[in-house]
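Look at the sequence and the 3D structure below. Then read on for a walk through two contact regions.

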Amino acid sequence: MPLLETQGLTKVFGGLHAIDDLDLHIEEGEIVSVIGPNGAGKTTFFNLVSGMIQPDSGKILFEGIDLVGLAPHQILELGIARTFQNVRLFQNMTVLENAMVGQHARTRSGPIRAILRTPGFRAEEEAIRRKAEEALAFFGTRLIGYRLEQPAFVLSYANRRRLEIARAMATEPKLLLLDEPTAGMNPRETLELTELIARLRDEKGFTICLIEHDMRVVRGVSDRVICLDYGRKIAEGTYHEVATNERVIEAYLGTKAVEGV
Amino acid sequence: MSGKYVNDYRQDLRLFRTTPKKVLLVVGLLAAIALPYLIQIQWTPPFGFPWKAWAKAINLALIWSIGAAAFNLLLGYTGQISTAHAAFLILGALTGAVLGEASAGLGWSFWLVLPLGGVVGAVIGALVGLPALRVRGLYLFMATLAVHFAAILGFKMYQVAQVGFTGVRYFPPEVPSFLHWLPFVTPDANGQFLIQGDFRWYFVLVPITLGCLLFMVNVLRSAEGRAFVAIRDNDVAASLLGINVARTKLLAFAVSSAMVTISGVLLSFFVTARSDESWSIEIILDVAIMTVVGGFSTIVGGVFGAFFFFMTPVLFNWIRDLPLFDRFTFIDTYGSQIDLAIFGVAIVLVLVFKPEGLAGVWEDTKRYFRTWPFRY
């Protein structure tokens, strides 16, 4: 059984089929890249899977459980975490607190225990903190040390993206959805993140699905590439297979106006 | 940096971490105990400086600290603007009037009515929070405004039906008998242990206010508190990180409303009389002044704000009566309006020069002493 599977997934905005009868699957332990031109429905696909919007028809099965109708926080509890194309951090919280929020669904805290500060509560706060720091430490020294106590809004753009990934890691997901993780990063940072994505799978054991426009990243990390256009899957396979697929080239570059030119 | 390093998580979780902080806590407690005795001293300070007047101002500030901090919890931390604040003061007064030792009350003990007020406030608060699941910002402001007028109407209906137009009278509560052995608890002239007068109320209000503030601080420094701030900063991201946004918003409303209702019970029994005309929409503005001047998004900010709000008018009153101003009769005539204008100026000054409010000034002072003699 695949970790994630969609069957006949359709989402219509007005007259536009953002996702049109989409069938795809992601196996456990895979790194899958979703590519496609602007407006192909990549982010809509992420929004559907994470429960931000509901599909018009079709099924989204995660470990055999249908996610349709579930609230975002319920889907996260099942083990799907995501990052955003336009970074959505908690700006006024510190780096550490941002990561600690990630642990929210994995702990039971509750207001009464918090007010009484029972030993169980204290132990749990310690565990939350340790796990949050663990997630932050994955990015070397970039997010720990003195940075822990800095509010998120002072971070550089690249560090914000890293923090968003760390926050998603702290939720202990099975499937990690990364929406354009390298957008706005310089070539060196992009290279570094490409290696990190591979390590995320190899060391932390996450299954990863990413949306990416930078083809060097896609080539570098993907086990499998899925290309969407107008909400439909037009190609699937290894990077090389997809990159040389005629329909993919057509979707990105358009058809030749006159044969033979 | 204080030069003191935190070596494990447990140390980091403590509220009063360093020795100076603990010393400050003890000194603060001693000062708090000494304060009412100082105010009781019979003397006439030079220039007619107010002395006795502080007692009432401080007690009111203690009561309103709870409400201002609760307002901060809801608006400053969770980002939910609610104009139902005064409605919960009314709910507290109503709970006291119906259940407690009041004109037409059931005569239940004040010590039972007080926590019950909290429970009632939490339940009604969660109900009032329901619109927050659908609307936010200015729309929530409008939706909760209705609650304010509904509460006034409710109080008026009760008052007219049970008491009459004179308003509800609240009788002084009694010190519970198991505390009578304490050395400073002495019976009054009639051999009763009634809590009345500013001096006695002070010793009742200090522990209750501290308890309520600690309650809110503890909620805020838990996962629930982080969820509050997460919702304020980005509710979409919060829900995608496993936070049940609806539940958390209602929890914030329940906690905040419970606290305000408790302060409403305290206020009614402290001032001993309430009627439907005791509550105006200005209460919300008063609390907003306390929150802004005291400091947004901090619990101590509410306390600073409440003390500022109740203590500065005493000072203004004194200044107005100085011989220097005798010739300006309009100052006497428009006294309270001038007070309001000064509050307005204070808010503008705070917003321009110290957006963190008095709580920010307090932090700066602490930092100054911690790093002394260095500036940074």
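Predicted model: local features only at pLDDT ≥ 70, side-chain atom pairs only at ≥ 80, totals over all residues.

Between domain 1 of chain A and domain 2 of chain A, three residue pairs are in polar contact, with both residues at pLDDT 80 or more. H7(A) provides the largest share, eight residues. What kinds of residue make up that side of domain 1 of chain A? Four are nonpolar, one is polar and six are charged.

Find the side chains of A:Glu192 and A:Arg142, which meet in a salt bridge at 2.8 Å, N to O.

Now step back to the two domains. The domain assignment of chain A places 4-79 and 173-258 in domain 1, and 90-156 in domain 2. Their C-alpha centres lie 29 Å apart. In the contact, 11 residues of domain 1 of chain A touch five residues of domain 2 of chain A. About 710 Å² is buried between these domains, and carbon and sulfur atoms give 57% of that area. On the domain 1 side, A:Glu77, A:Leu196 and A:Lys204 lose the most area to domain 2 of chain A. Together they account for 45% of what that side buries.

Next, turn to the contact between the chains. How many residues does each chain bring? Chain A gives 37 residues and chain B gives 29 residues. The area buried between chain A and chain B is about 3,100 Å². Carbon and sulfur atoms give 63% of it. In chain A, the residues that lose the most area to chain B are A:His104, A:Ile115 and A:Arg117.

Which side chains form a salt bridge here? B:Arg226 meets A:Glu125, at 3.1 Å from N to O. The count between chain A and chain B is one salt bridge. Six residue pairs are in polar contact between these chains, again with both residues at pLDDT 80 or more.

Follow the helices on the chain A side. Helix H2 (72-78), helix H3 (95-102), helix H4 (111-116) and helix H5 (119-137) of chain A each give two or more residues to the side that touches chain B. H5(A) supplies the largest share, nine residues. By type, this side of chain A divides into 16 nonpolar, nine polar and 12 charged residues.

Note on methods
Residues numbered from 1 in each chain as written. Chains lettered and ligands numbered in written order. Heavy atoms only, no water. Contact = heavy atoms within 4.5 Å. Buried area = accessible area lost by both parts, 1.4 Å probe. Salt bridge = Lys/Arg side-chain N within 4 Å of Asp/Glu carboxyl O. Polar contact = N/O pair within 3.5 Å; in protein donor to acceptor, adjacent residues only side chain to side chain. Helix = DSSP H or I, 4+ residues; strand = E, 2+ residues; numbered from the N terminus. Nonpolar A, V, L, I, M, F, W, Y, C, P; charged D, E, K, R; others polar. Domains from an automatic or database assignment.
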